[in-house]
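Here is a short briefing on one protein model. Keep the structure open as you read, and find each residue as it comes up.

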Amino acid sequence: MLSWGLQEAVKHRRKDPAGLRQGQVLVNGKAVTSELRLTSAYVVQDDILMGTLSVRENLLFSANLRLKRKLHSSAEKQSRVNDIIKDLGLTDCADTKIGTEFLRGVSGGERKRCSIGMELITSPSLLFLDEPTTGLDSHTANSIIGLLHKLSRRGKTVIFSIHQPRYSIFKQFDHLTLMHKGEVVYAGAAGYAMEYFTNLGYQIEAFNNPADFFMDITNGEVISTTESFTEVEGKNSHSAKYRQSHLYQNVMEELNRLNQGLSEEVKGEGDAAQYATSFLYQMRVVCGRTVLNILRNPQTSYAQLVLNIFFAVLVGLIYYQMPLNLPEAIQNRSGAFFFLIINMVFGNLSAVELFINERAIFIHENSSGYYRTSVYFLSKIFADLIPNRMIPILVFSAIAYYMMGLKPAFEAFLCFALTMSMVSLAGVGLAFLVSASVSTFAMANILIALPFVFMMVFGGYLVNLNAMLSWLSWLKWISIFRYGLNAAFINEMKGQLFYGNNTIIPGEVFLKGMDLDYSVWGFWQNQVALLGIVIVCLSLSYVQLLRINRWK
């Protein structure tokens with residue numbers, strides 16, 4: 001059955017149910033629970049697809065996560081994807097990327113058909129669509145509705161909302177629901193709608209589109225010739241007249257019969273729906289897509305590595321082979337370390353885009369039962385954060401460390417690389433937290449810049465921490481800069497000899513002057529503190545992902 005109208009079932013499935021003032025939503029005589037997502041599908045208005053993947057890869061991603069491995073082999077999944085590609089007329093563009101702002105992809109109609117195909121993977125008996133023709137030209141819109149009409153003739157119930165369809169689209173509807181200001185104006189067979197409004201005294205002009213004619217009626221732009229109808233009282237005379245019609249009476253009689261046959265047990269919400277695939281399998285599939293997305297996005301992967309190499313060479317040239325002679329040795333090293341820590345922290349500002357860019361994809365796929373929230377979060381850590389952030393940092397450290405002529409011991413280099421990595425991870429963790437908490441770049445940039453600036457001020461380099469106000473001194477304990485600078489100074493100064501005025505001065509003298517604990521634990525406590533910041537920020541990021549509003 002092909003039905004036109006924004007149904008309450010759609011609202012219950014993805015829309016905020018707070019607008020439902022009374023009544024129940026039932027499917028096959030049972031209360032709607034989260035199990036509905038296993039037997040139904042929902043195609044959102046805006047096509048939410050991974051742009052760096054091809055049509056076939058997107059469909060296979062859906063098949064891998066939404067079809068049970070015990071019931072469907074890899075070959076069967078491939079076969080189902082091929083069948084859907086053929087049925088939807090996507091054969092010519094099956095291996096074409098969907099497209100991004102940097103990558104040319106498929107057309108709007110092909111994107112819409114791919115979105116529908118993503119939901120048809122599970123062979124749902126109930127298909128919801130939110131304005132499937134929005135943004136499409138008339139020919140493409142007609143072909144999309146024609147496709148939905150064919151699906152309805154295969155035993156599937158198709159329910160969607162639509163605005164001002166052309167006549168070739170309208171004539172394919174089986175059931176029609178018209179609403180105006182939240183009230184039902186008509187609900188019944190689409191073929192009977194014209195007769196219904198004609199009986200109310202409305203006359204359609206020749207060559208006028210019935211759908212446009214109905215909208216003119218609900219908006220009050222067409223006057224009824226029946227005097228009794230114009231005298232109906234109430235804020236919406238059309239809905240009042242519908243409640244007096246035999247259509248409404250038939251619906252109420254059917255509902256009464258249904259209510260009499262319902263048992264009390266159907267009123268419960270039931271247990272949460274189970275995922276079709278295991279946690280580990282979801283991790284493998286989602287991580288695979290994340291890596292593929294990174295490799296096909298040069299501006300976020302290769303560019304990060306190139307920029308780190310460039311900046312490492314630049315810093316190495318500025319502080320090339322720093323001498324051990326005083327006072328240049330201390331001054332240059334202090335400036336270099338502060339410069340490096342700033343780069344490690346502020347270089348991760350781009351991480352705030354991570355969850356914001358994919359917010360719509362995550363909400364849609366998570367709500368549709370593709371994967372667990374924890375799977376998505378961990379995939380970003382293992383397949384994005386570690387390779388995309390850590391590898392460039394290690395390359396950066398190797399170049400900058402030896403060009404600047406720091407302590408030659410390999411163990412010292414490893415400690416330096418660890419410190420830069422932990423500082424970078426702490427910055428990324430805070431960026432992740434902000435990215436998971438807000439939905440706009442403007443707000444994210446403000447929220448990430450403020451704590452970074454405060455951490456820099458209270459890092460101990462720009463302000464003497466012992467001289468600051470007591471009620472502000474606690475901020476030093478959450479400063480990424482403080483822990484990074486302390487670790488870098490201890491690693492470089494401890495065991496190092498400096499020369500000045502024919503005097504050999506151990507590096508420990510300067511560490512004492514800075515009131516730094518240069519014992520083994522004195523160095524590692526900074527790493528532990530940075531690790532604590534990382535864990536806290538990432539944990540709060542995960543909590544924020546769980547709290548994201550899923551209602552659309």
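What covers the buried residues of H14? The cover includes helix H15 (328-346) and helix H18 (373-403). Bear in mind that this is a predicted model. The points below start with the whole protein, then return to H14 and move on to other sites.

**The whole protein**
- The protein has 552 residues, and 50% of them count as buried.
- Its secondary structure comes to 23 helices and 10 strands.
- Take the contacts in the protein with a separation of 6 or more: residues 24 or more positions apart account for 74% of them.

- H14 runs over residues 302-318, which makes 17 residues.
- At 1.5 Å a residue, H14 should span 24 Å, and its end C-alpha atoms are 24 Å apart, so the two values agree.
- Gln304, Asn308, Phe311, Ala312, Val315 and Gly316 are buried in H14.
- Seen down the axis of H14, these buried residues fall within an arc of 135°, so they line one face of the helix.
- Val306, Leu307, Phe310 and Leu317 are exposed on the other side of H14.

**Backbone details in loops**
- Pro327 sits in the loop between H14 and H15. The peptide bond from Leu326 to Pro327 is cis, with omega near 5°.
- Ser123 is not a glycine, yet its phi is positive, near 50°. This residue lies in the loop between helix H5 (108-120) and strand S5 (126-130). Ser123 has a relative accessible area of 44%, so it counts as partly exposed.
- Asp515 also has a positive phi, about 60°, although it is not a glycine. Look for Asp515 in the loop between helix H22 (507-513) and helix H23 (520-547). Asp515 is exposed, because its relative accessible area is 59% and the cut-off for exposed is over 50%.

**Salt bridges**
- Side chains of opposite charge can pair when their charged atoms come close.
- A search of the whole structure finds 10 salt bridges.
- Lys112 pairs with Asp47, and their closest N and O atoms are 3.1 Å apart. Lys112 lies in helix H5 and Asp47 in the loop between strand S4 (40-43) and helix H3 (55-66), so the pair ties together parts that are 65 residues apart in sequence. Lys112 is buried, with a relative accessible area of 2%.
- Arg243 and Glu183 meet in a salt bridge at 3.6 Å, N to O. Arg243 belongs to helix H11 (residues 237-243) and Glu183 to strand S8 (residues 183-189), so this pair ties together parts that are 60 residues apart in sequence. Arg243 is partly exposed at 38% relative accessible area, whereas Glu183 is buried at 19%. The cut-off for buried is under 20%.
- Glu492 and Arg333 form a salt bridge at 3.0 Å, N to O. Their pairing links distant parts of the chain: Glu492 is in helix H21 (residues 480-493) and Arg333 in helix H15, 159 residues apart. Glu492 is buried, with a relative accessible area of 1%, and Arg333 is buried, with 0%.

**A nonpolar surface patch**
- Which residues form a nonpolar patch on the surface? They are Met443, Ile446, Leu447, Leu450 and Phe454, with about 470 Å² of accessible area together.
- Ile446 lies in helix H20 (residues 441-457). Its relative accessibility is 48%, so Ile446 counts as partly exposed.

Terms used. Residues are numbered from 1 along each chain as its sequence is written. This is a predicted model: local features need pLDDT of at least 70, side-chain atom pairs count only at pLDDT 80 or more; totals for chains, interfaces and linings use all residues. Side-chain values use heavy atoms; hydrogens and water are left out. Helices (H or I, at least four residues) and strands (E, at least two) are DSSP runs, numbered from the N terminus. The expected span of a helix is 1.5 Å times one less than its number of residues. Buried means under 20% relative accessible area, exposed over 50%, partly exposed in between (1.4 Å probe, protein chains only). The arc is that of the directions from the helix axis to the C-beta atoms. Contact means heavy atoms within 4.5 Å. Patches are made of residues with over 30% relative accessible area and no salt bridge: like charges are joined within 9 Å, nonpolar side chains (Val, Leu, Ile, Met, Phe, Trp, Tyr) within 5 Å. Accessible areas come from the Shrake-Rupley method with a 1.4 Å probe; for residues, only the protein chains shown count as cover. A salt bridge is a side-chain nitrogen of Lys or Arg within 4 Å of a carboxyl oxygen of Asp or Glu.
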